Amino acid sequence: MANYKVDDLAYAYDALVPTIDEETMHLHHDKHHHAYVNNLNNAIEGLDVSDDIVELLQNVDQVPEDKRQAVINNGGGHYNHTLFWESMIPGGASEPQGELASAINNAFGSFDNFKSEFEAKGAGQFGSGWAWLVLDNDELKVVSTPNQNNPVMDGLTPLLGNDVWEHAYYLTYKNARPNYLKAWWDVVNWDVVAKRYEAAK
Ligand code: MN3
């Protein structure tokens, strides 16, 4: 029987200050993420589903219809937030290196162009959602998804995702989502993104 859980953060709740404040990290990880996982476990109770979240999302069509939207919302919420926490590090490298850097330059023209496109996707996502760097076959793309929808459900491989729900940024940035998107680059863990790229390409 699948039973999902929230991993502890690999860094302190105040480690990403000033980019992300400590109270936001507590609320976001301990309340929001835990709620998605509790709701996911409730939705799949008694069902024979995968205990691998990627498999579960890729095969969400096989979940009974009355539970499917709950699994999309909360399973997506679990996957997205797990990837999000792992995508950040205090004092990380300021830009990608090596093969990933070349691939980003080839796909977007430059690292700065990539950042602009990603920020525009995040700022342009109406309401709640996510901005993503994904691998679509061998092609790097920037996309956005509404709510807790997820590129995995569209057959894409997420390499990096930023949460643009208000709960992710409102205490520090208020309504200025673009400022959050711009500041967020300071805490991106490009080594982890490069590992995801290496594994997926
Ligand atoms: Mn969130």
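Predicted model: local features only at pLDDT ≥ 70, side-chain atom pairs only at ≥ 80, totals over all residues.
**View 1. Four residues hold the manganese ion.** His28, His81 and His167 each reach the manganese ion through NE2, while Asp163 uses OD. These contacts run from 1.9 to 2.1 Å. Read along the chain, the donors follow the pattern H-x52-H-x81-D-x3-H. His28 sits in helix 1 (residues 22–44) and Asp163 in strand 3 (residues 157–163), so this pair ties together parts that lie 135 residues apart in sequence. Are His28 and Asp163 buried or exposed? His28 has a relative accessibility of 1%, so it counts as buried. Asp163 is at 0%, so it counts as buried too.

**View 2. Ser87 sits in a loop between two helices.** Look for Ser87 in the loop that links helix 3 (65–86) and helix 4 (98–108). Ser87 is buried, because its relative accessible area is 0% and buried means under 20%. Which side chain does the side chain of Ser87 make a polar contact with? That partner is the side chain of Arg196, at 3.0 Å. Setting aside neighbours within four places in sequence, Ser87 is also in contact with residues including Leu160, Val187, Val188 and Asn189.

**View 3. Helix 4 has buried residues along one face.** The buried residues here are Leu100, Ala101, Ala103, Ile104 and Phe108. Down the axis of helix 4, they fall within an arc of 165 degrees, so they line one face of the helix. What do they pack against? Their partners are helix 5 (111–124), strand 1 (129–136), strand 2 (139–146) and helix 8 (190–200). Just past the end of helix 4, Gly109 takes a positive phi of about 95 degrees.

Definitions and conventions:
Residues numbered from 1 in each chain as written. Heavy atoms only, no water. Donors = N, O, S within 2.8 Å, 3.2 Å for Na, K, Ca; no water. Helix = DSSP H or I, 4+ residues; strand = E, 2+ residues; numbered from the N terminus. Buried < 20%, exposed > 50% of the residue type's maximum accessible area, 1.4 Å probe, protein only. Polar contact = N/O pair within 3.5 Å; in protein donor to acceptor, adjacent residues only side chain to side chain. Contact = heavy atoms within 4.5 Å. Arc of directions from axis to C-beta.
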